[in-house]
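This note collects comments on the packing, the aromatic pairs and the sheets of one structure.

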Amino acid sequence: MGKNDGQSLGPTPSEASRTFPRGPEFPGTDETVTERYFQWDPLDDPDFAHLIIGKGSIGGKGRSLLFAMAKLRDSTEETLKRVVFPPSLFIATDSFDYVLRQIPDLEELKKEEPEVIEYAFLQAKLPSEVSEGVLKFLEKITDPIVVRSSSVLEDSLKYSFAGKYLSTFEFNDGETPLEERAAEVERDIKKIYARTFFPVAVAYRTKHGLGNDRMGIILMRVAGKWRGRYYYPTMAGVGFSRYYRRWTTRIRSEDGIIRLVFGMGTTSTKRGYARTFALTLPCLRPEGQNPFNIMRHAQEHFQVIDREQKSLVTVDVKRIWKDIFPYHSCFPDYAQIYSPDDDGGYFTPMSRHGSSIKTGEKVCFTFEEFACRSKHFFDRMKKLLALLDREMGVPADVEFAYHPSEDLVEIVQARPLWLSEQTHSVTIPDLENRKVVLKADRMVTHGVKENIPYLVYVDHHVYAQETRFHDVARGIGTVNDTLKGSRFILVAPGRVGSSNPLLGVPVQYNEITRCSCIVEVGFPKEGYMPELSFGTHFFTDLEIDGILYMPVYEGAKNNIFDESFFDSSPYALGSHAGIRIYSGSFSVYTDGDRNFGVVVADRVDEPENGWD
């Protein structure tokens with residue numbers, strides 16, 4: 001392993017010749033610094049060259065991770081010496097090219113169903129040096145591993161490809177013969193290669209005019225440790241050096257945030273339960289201090305690798321807390337007991353020796369004590385993110401795991417963060433004689449969208465009575481397809497795109513491709529609350545496509561939810577009784593600097609025919 005024939009694993013010719021914008025498009029971007037970041041070659045660094053197999057590029061995820069580790073290594077900050085990355089192996093793109101040459105008619109194969117594409121790739125063979133490298137890696141690693149995509153196009157200031165390719169977990173039990181474990185990993189590698197040509201990836205590249213891609217691979221030990229039958233890190237999450245969706249002006253955009261979960265970090269990239277921390281004010285909560293609201297939005301499920309099932313599974317802390325409690329000396333720092341009462345309930349701390357849970361009570365992860373006791377952790381994350389921001393020349397984001405007992409942070413991904421908002425100044429026109437139907441005062445994006453012909457509204461009363469939640473989501477997708485190019489504003493209760501339909505409509509991103517703005521409406525009494533979605537694949541797609549966002553809280557000061565407008569204005573029903581379509585002229589004005597956003601209805605027409 002290492003450098004071969006003088007070939008570089010740094011930027012491809014197209015990458016080396018790219019220009020790096022500065023100014024209003026990328027505020028704060030240092031063109032020279034960013035260019036150095038993209039041109040850095042891990043093969044020139046002896047600390048990393050031996051981790052790489054083959055020639056070409058190791059892709060965006062791989063190179064960015066090693067760049068981050070190089071800068072951390074060179075840092076003089078003492079606290080950053082407690083930041084590492086898991087044992088890893090990087091496979092360059094010439095292995096991908098080797099496999100492609102074994103596909104007889106790739107252009108025809110691209111037209112087939114995904115199963116057919118994958119089958120063709122599984123029949124190919126990997127280069128012998130890759131097979132040998134995988135065997136040597138697995139000789140040393142007998143914990144679970146993840147096989148990750150790392151494509152060349154993922155090395156970008158704008159296009160993250162979040163969720164478009166594939167990562168797979170392997171149980172990698174040391175009792176299983178080495179050859180069998182290696183065969184499973186090789187199978188995963190070829191599956192990831194095949195995903196390069198799956199419709200979702202091809203459609204994404206076509207939409208953004210990106211052309212073909214080439215795939216590198218990362219083999220990485222899963223961050224965590226065995227705790228009885230379960231393997232997982234104590235905590236994991238995503239972090240960002242800039243924070244433009246502030247829920248209070250007490251937070252500055254440069255303070256940075258993290259989104260934290262108990263267990264595997266896979267749940268932190270979905271629109272489910274997670275705790276959002278502003279790194280300079282970690283005790284603040286975007287959902288406020290009401291115990292009922294905290295309980296409704298506190299994490300209760302987490303992901304682990306199960307020794308018995310030999311796979312990644314989701315477990316319920318209410319069911320297994322007694323099993324994992326002995327493995328966490330500081331478990332009460334993360335979890336509390338919620339008890340209901342007529343005034344919204346209350347939390348009590350868990351004894352460090354265990355607690356008995358009464359009927360009606362439940363354990364949930366609030367991270368309340370952790371926020372108060374772990375200043376050193378938040379200081380470290382702030383310094384880490386600020387370092388990467390400075391060294392990349394652009395905002396940065398990371399995925400990480402944290403092990404409190406060792407006070408150790410493991411970085412599993414680091415990359416530039418694309419933010420389409422904040423790219424230009426916003427002028428809010430005079431609204432005195434215009435009908436404001438929605439108004440927000442926190443967490444808004446930055447932009448103007450005028451004369452939008454449709455507004456799609458999900459009636460929260462109907463949705464609250466629904467049990468077939470996905471029917472509502474598919475109904476929004478039907479509207480999206482029927483509009484045939486026209487734009488719309490989507491107004492819905494709670495978290496749009498939530499992985500938990502009790503929190504909001506579980507719409508998929510491809511069902512709102514014609515959406516110009518998402519308005520999430522909070523109804524605390526019904527349990528629907530908007531939530532910052534930093535770090536989720538859903539959020540990344542919104543940012544890249546410039547879809548505006550604003551949360552509105554019913555009854556909150558400086559917020560407007562004009563329900564009488566939605567009830568009295570003419571509308572057509574969608575394919576679900578809870579979906580209303582209003583046609584006319586609607587505009588959105590959002591100013592992220594001032595935390596001000598409005599939706600204005602300038603005209604509402606009589607319903608169109610043809611909605612079903």
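The points below concern a predicted model.

1. Largest nonpolar core. The largest nonpolar core comprises 74 residues, and those with the most contacts inside it are Phe-302, Phe-331 and Ile-411. Helix α15, spanning residues 375–392, gives the most to this core, with eight residues. In soluble globular proteins, nonpolar side chains tend to be buried together.

2. Surroundings of Phe-331. Which residues does Phe-331 contact, leaving aside its neighbours within four places in sequence? They are Phe-262, Val-317, Ile-324, Phe-325, Met-350 and Phe-365. Phe-331 is buried, because its relative accessible area of 0% falls under the 20% limit.

3. Aromatic pair Phe-262 and Phe-331. The count of aromatic pairs comes to 39. One of them is formed by Phe-262 and Phe-331: the geometry is edge-to-face, with 6.0 Å centre to centre and 90° between the planes. This pair links distant parts of the chain, since Phe-262 lies in strand β10 (residues 257–262) and Phe-331 in helix α13 (residues 331–334), 69 residues apart. Phe-262 is also buried, with a relative accessible area of 0%.

4. Aromatic pair Phe-277 and Phe-378. Here the ring centres are 5.0 Å apart and the planes stand at 50°, so the pair is tilted. Because Phe-277 belongs to strand β11 (residues 275–278) and Phe-378 to helix α15, the pair ties together parts that are 101 residues apart in sequence. Are these two residues buried or exposed? Phe-277 is buried, with a relative accessible area of 0%, and Phe-378 is buried at 1%.

5. Arginines over rings. Arg-227 lies over the face of Tyr-232, at 4.8 Å from the ring centre. Arg-307 lies over the face of Trp-226, with a distance of 3.9 Å from the ring centre.

6. Strands β3 (residues 88–91) and β6 (residues 215–221) run antiparallel and are joined by four bridges. Within this pairing, Leu-89 has Leu-219 in β6 as its bridge partner.

7. Six-stranded sheet. Another open sheet, of six strands, has the order β2-β18-β17-β9-β10-β11 with mixed pairing. Strands β2 (83–84) and β11 stand at the edges with a single partner strand each, so one side of each is left without a neighbour in the sheet. The pairing of β10 with β11 is antiparallel and extends over four bridges. Ile-258 has Phe-277 in β11 as its bridge partner; Phe-277 is the residue whose ring pairs with that of Phe-378. Helix α4 (residues 59–74) lies across β2 and β18 (408–416), running at about 125° to β18.

Definitions and conventions
Residues numbered from 1 in each chain as written. Predicted model: local features only at pLDDT ≥ 70, side-chain atom pairs only at ≥ 80, totals over all residues. Heavy atoms only, no water. Core = buried A, V, L, I, M, F, W, Y, C linked by side-chain atoms within 4.5 Å. Buried < 20%, exposed > 50% of the residue type's maximum accessible area, 1.4 Å probe, protein only. Helix = DSSP H or I, 4+ residues; strand = E, 2+ residues; numbered from the N terminus. Contact = heavy atoms within 4.5 Å. Phe/Tyr/Trp six-rings, centres within 6.5 Å; stacked < 30°, edge-to-face > 60°. Lys NZ or Arg CZ within 6 Å of the ring centre and 35° of its normal. Pairing = 2+ DSSP bridges. Axes fitted to C-alpha atoms, helices over the stretch in contact; angles between N-to-C directions.
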